[in-house]
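Biologist: Could you walk me through this structure, one question at a time? I am new to this, so please show me how you reach each answer.

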Amino acid sequence: MSFSTLGLSDPLLRAIAEAGYTRPSPIQSQAIPAVLKGHDLLAAAQTGTGKTAGFTLPILHRLSEKSYGANRPIRVLILTPTRELAAQVGESVAKYGAHLHPRLKSEVVFGGVKINPQMMRLRGGVDVLVATPGRLLDLVNQNAVKLDKVETLVLDEADRMLDMGFIRDIRKIIALLPKKRQNLLFSATFSDDIRKLTTGLLVNPVKIEVAPRNTAAELVEQIVYTVNKPQKAELLCRLIKENDWRQVLVFTSTKHGANRLTEKLNKTDIKAAAIHGNKSQGARTSALAGFKAGELRVLVATDVAARGIDIALLPHVVNFELPRAPADYVHRIGRTGRAGEEGQAVSLVSHDEYSALRLIEKLIGKPIKREQIAGFEASEVAPPEPPAKPRGARPGRNSNPPRRPSSTQSKGQFQARSRA
Ligand code: AMP
């Protein structure tokens with residue numbers, strides 16, 4: 001299937017070609033026609049599936065079909081859980097809408113930065129507003145935005161917004177919207193809370209599920225190195241240097257731990273920066289930009305900060321510590337192997353994390369290969385490997401993870417992985 005069969009206008013097809021996409025991803029081929037027809041949408045899709053273009057393209061198509069009122073009311077409202085995701089969705093709107101004529105205006109607003117410049121930018125009116133819920137309500141309260149002309153509402157990463165405690169804000173925002181509108185909801189998981197939210201929100205939605213919840217776990221090569229906790233940082237430096245990893249996203253469980261590790265990496269001449277909730281928005285944005293531009297080799301992040309950041313085709317993800325919630329492991333490793341490319345997820349696991357490891361293996365439904373590096377062996381013996389283990393890894397063996405060329409960062413094709 002090609003993009004040209006989906007019913008999108010020429011200026012949008014031009015932007016798609018410029019982005020280097022040749023074929024729609026599974027979610028795009030299903031979502032685009034449905035949204036163009038004006039249906040509500042309930043989509044189970046994680047970051048990395050191409051969901052952003054899946055909703056942005058048809059929304060822009062519909063917007064550009066009708067003339068704008070003189071004072072440009074907000075006609076599309078996109079809510080996201082984090083500042084990073086808001087910024088990225090905003091970039092997508094600008095990129096895909098680049099050739100529309102007349103140009104549509106879009107803005108991005110989020111907390112953690114001054115509100116006044118945002119109020120100024122909204123003054124001339126915007127067609128598309130991308131916002132985090134808290135800041136949007138602040139702007140509503142200051143009469144800087146009106147939502148009574150919204151035609152389409154998008155809730156992106158709805159599960160994460162609920163996890164972050166935004167449900168009340170979301171309900172308040174929904175109450176300010178016109179009753180008749182189009183609603184699109186994207187979520188990686190479907191908890192009872194999400195179901196409750198969708199029941200009152202969506203009218204006869206088209207339901208799309210493009211990947212089973214844990215697909216990332218199947219696409220990504222996963223390795224556990226058992227190691228004593230104090231040696232983790234040194235082992236990480238060794239892995240990065242010996243395997244010549246060029247772009248590594250490292251997860252730590254605390255902000256403090258992220259800072260400490262970043263310092264250590266920089267001391268051994270591995271350029272790194274940390275990104276977490278205590279960092280200013282400016283520091284986060286510049287760390288992300290430096291990482292994307294290849295100036296930084298390692299980005300050390302906590303789960304909340306990393307969620308939603310769009311770094312296409314990331315080859316290596318490292319769990320410096322295992323996450324407490326097994327589902328977060330799946331989210332983390334979903335940062336690699338994106339858009340059908342292979343990826344590698346390495347976890348450095350110390351004795352106190354063995355039970356967390358078991359829970360993760362239970363969730364992903366398969367054992368993870370265990371390895372040790374000579375000189376970094378864990379003094380406590382790792383639990384016996386589950387019997388179904390496909391490839392043997394003998395404790396104490398001196399083994400390096402397979403090398404993987406870091407030059408594969410071209411725009412990849414999406415691997416078709418929709419459910420039959
Ligand atoms: P998303 O799931 O929206 O975060 O998108 C994941 C990544 O895939 C982004 O870097 C997009 O630029 C990229 N992408 C989106 N659609 C396509 C496509 N049809 N072909 C190749 N890459 C795409």
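Modeller: Gladly, and please keep in mind that this is a predicted model.

Biologist: Are α2 and α3 roughly parallel or roughly antiparallel?

Modeller: Two packed helices are described by the angle between their axes and the distance between the axes. Here the axes of α2 and α3 are 8 Å apart, and the packing angle is about 25°. Angles under 35 degrees count as roughly parallel. That makes the pair α2 and α3 roughly parallel.

Biologist: And which hand does the crossing of α2 and α3 have?

Modeller: The hand is a separate property from the angle, so let me give it on its own. The α2 and α3 crossing is right-handed.

Biologist: Which residues of α4 make the contact with α3?

Modeller: On the α3 side we find Thr52, Ala53, Phe55, Thr56, Leu57 and Leu60. The contact of α3 with α4 holds seven nonpolar residues, three polar ones and no charged ones. The α4 partners are Val89, Ser92, Val93 and Tyr96.

Biologist: Is Ser92 buried or exposed?

Modeller: Ser92 sits in helix α4 and touches Thr52 and Thr56, leaving out residues up to four places away in sequence. Buried means under 20% relative accessible area. Ser92 has 11% relative accessibility, so the answer is buried.

Biologist: Which residues have the most contacts inside the largest nonpolar core?

Modeller: In soluble globular proteins, nonpolar side chains tend to be buried together. The largest nonpolar core here has 39 residues. Among the elements that give two or more residues to this core are α1 (10-19), α2 (26-36), β1 (41-44), α3 and α4. The residues with the most contacts inside the core are Leu57 and Ile78.

Biologist: Which residues does Ile78 touch?

Modeller: We set aside residues up to four places away in sequence. Ile78 then touches Phe55, Val89, Val93, Val128, Leu129, Val130, Ala131 and Val154.

Biologist: How many residues are in the second, separate core?

Modeller: This second core includes Val109, Ile115, Val145 and Ile173. Its size is 35 residues.

Biologist: What is the relative accessible area of Leu6?

Modeller: Leu6 lies in the segment before α1. Beyond its neighbours within four places in sequence, Leu6 is in contact with Met1, Pro24, Gln28, Ser29, Ile32, Pro33 and Leu36. Leu6 counts as buried because its relative accessible area is 7%.

Biologist: How far apart are the C-alpha atoms of Val220 and His316?

Modeller: Val220 belongs to strand β8, residues 220-226, and is buried at 5% relative accessibility. Val220 and His316 are 96 residues apart along the chain. Their C-alpha atoms are separated by 9.7 Å.

Biologist: Where is the cis peptide bond that involves Pro102?

Modeller: Pro102 is in the loop between α4 and β3 (106-109). The omega angle of the cis bond is about -5°. The bond joins His101 and Pro102.

Biologist: Is Asn143 buried or exposed?

Modeller: Asn143 is in the loop between α6 (133-141) and β5 (152-155). Its phi is near 60°, a positive value in a residue other than glycine. With a relative accessible area of 68%, Asn143 is exposed.

Biologist: To finish, what percentage of the residues of the protein chain count as buried?

Modeller: The chain has 16 helices and 14 strands. Of its 420 residues, the share that counts as buried is 55%.

Notes:
Residues are numbered from 1 along each chain as its sequence is written. This is a predicted model: local features need pLDDT of at least 70, side-chain atom pairs count only at pLDDT 80 or more; totals for chains, interfaces and linings use all residues. Side-chain values use heavy atoms; hydrogens and water are left out. Contact means heavy atoms within 4.5 Å. Helices (H or I, at least four residues) and strands (E, at least two) are DSSP runs, numbered from the N terminus. Ala, Val, Leu, Ile, Met, Phe, Trp, Tyr, Cys and Pro count as nonpolar, Asp, Glu, Lys and Arg as charged, and the others, Gly among them, as polar. A nonpolar core is a set of buried Ala, Val, Leu, Ile, Met, Phe, Trp, Tyr and Cys residues joined through side-chain atoms within 4.5 Å. Buried means under 20% relative accessible area, exposed over 50%, partly exposed in between (1.4 Å probe, protein chains only). Axes are lines fitted to C-alpha atoms, for helices over the stretch in contact, and angles run from 0 to 180 degrees between N-to-C directions. Angles under 35 degrees count as roughly parallel, over 145 as roughly antiparallel, 65 to 115 as roughly perpendicular and the rest as oblique.
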